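Reader: I have a model open and would like to go through some of its local features with you. Could we begin with a single residue and work outward?

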Amino acid sequence: MRVESRLRAAAAHGSERFAHAILGGPLAICVVTIDDQRVVEINDSFLLLTGHERADVIGRTIHDIHFWVDMVEGARLHRAIRRGCQVRGRELRYRTRTGAARFALVCGEGVAVDGEHLAIVTVLDITDRKHAEEQAVLQARLQRNNTLLQALNRAQSEHIAELDAGSLFEGLLAQLVLLTESRFGFIGEVLADTGGAPYLKTLALTDTSIDEPSRALMEKHRRAGLEYGDMNTLYGEVLTHRVPVCENDAAGGRLGSGGIPPGHPPLESFFGVPLFGASRELVGVLALANRPGGYDSPLWTELEPLLPVCGSLIEARRSRHLKSLAESARRESERQFRLLVDSVRDYALVMLDPFGRVASWNAGAERSFGYPADEVLGLHVSELYPREERDSRAPERDLQIAAGEGRLESEGWRLRRDNSRFWANTVLTPVHEEQHLCGFALVTRDITERRDLARMKDEFVSMVSHELRTPLTAIRGALGLIEGGAFGALPKVVIELVSIARSNSERLVRLVNDILDMEKLEAGMLALGRGEIDANRLVATALDGLRGMAGPAGVALRGEVPASCILAGDEDRLVQVLTNLVSNAIKFSPPGSSVEVRVEEGPGRIRFSVVDQGPGIEPEDLSRLFGKFQQLDSTDARRRGGSGLGLAICKAIVEQHGGRVGVDSEPGHGSVFWFELVQETS
Amino acid sequence: MAERTALVVDDEPDLRLIASMSLAIVGNWRVVEAGSGAEALVLARTGRPDVILLDVMMPELDGLATFALLRQDPVCADVPVIFMTAKVQAHEVARYRGVGAAGVILKPFDPMRLADRVHEILTSGSR
């Protein structure tokens with residue numbers, strides 16, 4: 001009571017205000033020594049407020065009773081008082097006896113009582129008010145978050161409704177700027193240039209225009225997107241380090257750097273956050289600027305849960321954009337393909353459905369068949385066949401064969417809209433989708449002209465051949481009868497001359513035959529028969545036919561064939577090949593030598609070799625032997641009586657049999673001409 | 001062996017002569033000549049030869065038409081006919097064989113072997 005009484009005394013003759021402070025209602029008062037903060041007096045309000053007992057407090061220091069929640073702040077208060085300051089209305093938190101922390105508005109000042117320096121600290125509990133205030137702040141934050149959530153919801157709904165991405169992000173940015181009390185900002189998508197370097201392209205940008213020119217510029221940027229590629233900036237830092245960047249130092253160097261165009265409001269504070277997609281890929285940056293008082297971490301805390309949604313929206317927009325690009329590319333490709341198909345006029349390109357009905361029809365089809373597309377779509381393909389073909393169900397058969405074999409190429413008559421006919425080459429291909437037959441591609445070409453030309457050519461060749469052969473038959477016949485002694489013995493010199501005439505007429509016949517064969521081989525019109533051939537018979541036929549030539553030349557002919565050797569092919573044509581090779585060998589063989597035909601069987605193949613003892617062939621000549629009109633020596637044709645087509649014909653016939661032909665020779669060591677046929681092994 | 005008669009039909013007199021000489025001198029055939037299809041039909045009916053060598057390419061009544069008419073005539077329907085042709089392409093030869101001829105001899109032929117070829121065809125019934 002000693003101090004209290006002294007205080008009361010001091011109040012009685014001292015300051016009215018001080019007395020009121022001591023006696024006034026809810027104020028808790030605590031008097032402590034200024035040096036060590038030892039409690040010398042407290043009033044009842046203090047005890048009521050803290051729940052302490054007087055005895056527990058008096059004589060102990062403020063530290064001992066853990067009065068201040070924040071000891072540093074408490075110490076600062078006391079230092080201020082000791083320095084002689086009057087502390088007014090400082091907010092501090094104190095602790096009750098039970099340890100509960102409460103808010104207080106604290107005043108304090110130093111007094112000297114009987115030469116003792118004391119500090120009088122008054123504590124007004126404001127916990128309820130603080131709670132109410134916090135509640136209000138929380139309410140406001142909740143309100144903001146709700147608004148932001150609504151903005152995001154709206155953005156998501158707009159995204160789902162596939163509204164314009166620009167307005168979606170503009171709306172979102174406007175809300176974010178408003179809610180964070182920022183002046184302006186942007187939402188940028190992270191892209192990479194052709195070199196892989198990242199840059200930002202704005203999806204939304206606050207309008208900061210100030211006059212007409214800047215408004216036009218802003219409009220352009222908002223429409224096309226503004227690109228930010230300078231990494232030496234605040235947004236560059238966000239992009240590079242993928243972390244939020246907050247800068248409130250208006251005077252700092254960083255705020256002035258990069259990205260602010262002339263006429264743009266100066267940057268006072270900046271808050272940039274990275275936006276990540278679902279797979280943690282950096283997809284965008286949200287940049288906000290010029291919040292009064294700057295940006296702080298509570299704002300970050302507030303925004304943080306909402307940012308993934310922004311990231312997802314950018315990601316979804318990107319995915320939709322890519323999809324749309326792919327779709328555009330597909331449409332463009334389809335357009336070009338359609339143009340291509342429509343511009344083809346020489347071929348009728350038709351799609352049929354699985355039942356053979358026309359599903360698409362190009363300009364070439366219209367040109368070939370005479371039907372416009374709208375008239376033919378849905379018609380069965382059999383409408384394009386002549387009646388007799390339809391009656392025999394050829395169209396259905398064609399579809400069936402194509403479906404079964406994967407392709408059907410054929411030639412035949414087709415019917416135009418005006419009932420005229422054309423000769424067509426058609427390729428019918430089944431089209432499958434996921435293993436299901438979804439239709440047929442039908443390519444038709446009118447080859448009437450080509451067919452007529454081929455027939456004319458064929459008839460011409462036939463006629464020329466016939467017209468040449470007729471006089472040759474007469475010459476050959478007359479000479480043959482004389483030379484053969486049908487009219488009695490003639491002088492030797494006459495026989496020789498007749499023989500020369502006869503052999504040259506035969507040479508002319510061979511030339512005509514060779515030209516005819518070559519023409520047919522080149523036109524692919526030499527139809528080969530395919531039967532079983534006894535190799536012994538084949539060799540015997542060829543050799544027998546040449547004995548008349550070998551005898552006078554003094555060349556012996558020999559055949560060496562396995563006893564039972566059967567092959568498949570066109571016998572007449574293979575006799576022709578063998579005859580040609582053996583007659584060549586005879587021509588180049590010296591008298592007294594021999595020409596041998598050997599037949600060897602190997603696995604899946606059979607080889608015919610014609611071996612002579614002639615002069616052989618220079619290596620550099622070997623490669624051109626089988627070309628057309630090839631005579632190694634320009635005098636050969638005259639000296640040996642060849643057309644220069646024989647080996648080319650042999651090669652073509654053998655190759656048409658699926659075989660190959662060749663020669664092995666060395667000058668001075670004869671030649672071996674051979675051909676090999678592939679044989680199916682049973 | 002009784003003398004056999006061959007009817008040689010060709011619009012080319014030279015070829016007719018060569019064929020006739022070949023058959024007559026080398027093969028001892030009695031040969032009757034016709035210069036057209038129409039003449040051949042008459043001679044075949046009246047002479048009823050043992051074989052007819054019939055050229056294919058003739059004006060008016062060609063070899064194939066003559067052959068068809070010969071086949072319709074009961075008097076000479078069974079006389080073997082050998083076509084002689086300078087049309088030597090495989091499909092042409094196959095066509096002549098296909099109508100039922102005894103054989104086909106291609107021009108030019110070896111006159112010293114013509115009689116043998118005819119004999120071979122008549123005895124083997126092919127080619």
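Reader: Is A:Asp572 buried or exposed in this model?
Author: This is a predicted model, and in it A:Asp572 has a relative accessible area of 51%. The cut-off for exposed is over 50%, so A:Asp572 counts as exposed.

Reader: Which helix does A:Asp572 lie in?
Author: A:Asp572 belongs to helix 20 of chain A. Its C-alpha atom is separated by 9.2 Å from that of A:Leu528, 44 residues apart along the chain.

Reader: What does A:Phe608 touch?
Author: Leaving out residues up to four places away in sequence, A:Phe608 has contacts that include A:Leu538, A:Leu567, A:Leu578, A:Arg598, A:Val599 and A:Trp674.

Reader: Changing topic, what is the strand order in the open sheet of chain A?
Author: The order of its five strands is 18-20-21-23-22, with mixed pairing. Strand 18 (556-560) and strand 22 of chain A are at the edges; each has a single partner strand, so one side of each lacks a neighbour in the sheet. From one strand to the next, the twist averages 15°.

Reader: How many bridges join strand 20 to strand 21 of chain A?
Author: Seven bridges join them, and the two strands run antiparallel. Opposite A:Phe608 in strand 21 of chain A stands A:Val599.

Reader: Which helices pack on the sheet?
Author: Helix 19 of chain A does, touching strand 18, strand 20 and strand 21 of chain A, and its direction makes about 180° with that of strand 18 of chain A. Helix 23 of chain A also packs on the sheet, touching strand 22 and strand 23 of chain A, with about 25° between its direction and that of strand 23 of chain A.

Reader: Finally, what ipTM and pTM does the predictor give the complex?
Author: The ipTM is 0.85 and the pTM is 0.45. For chain B, the mean pLDDT is 90, and 96% of its residues reach 70 or more.

Methods:
Residues are numbered from 1 along each chain as its sequence is written. Chains are lettered from A and ligands numbered from 1 in the order in which they are written. This is a predicted model: local features need pLDDT of at least 70, side-chain atom pairs count only at pLDDT 80 or more; totals for chains, interfaces and linings use all residues. Side-chain values use heavy atoms; hydrogens and water are left out. Contact means heavy atoms within 4.5 Å. Helices (H or I, at least four residues) and strands (E, at least two) are DSSP runs, numbered from the N terminus. Buried means under 20% relative accessible area, exposed over 50%, partly exposed in between (1.4 Å probe, protein chains only). Two strands pair if DSSP finds at least two bridges between them. Axes are lines fitted to C-alpha atoms, for helices over the stretch in contact, and angles run from 0 to 180 degrees between N-to-C directions. pLDDT is the predictor's confidence in each residue, from 0 to 100.
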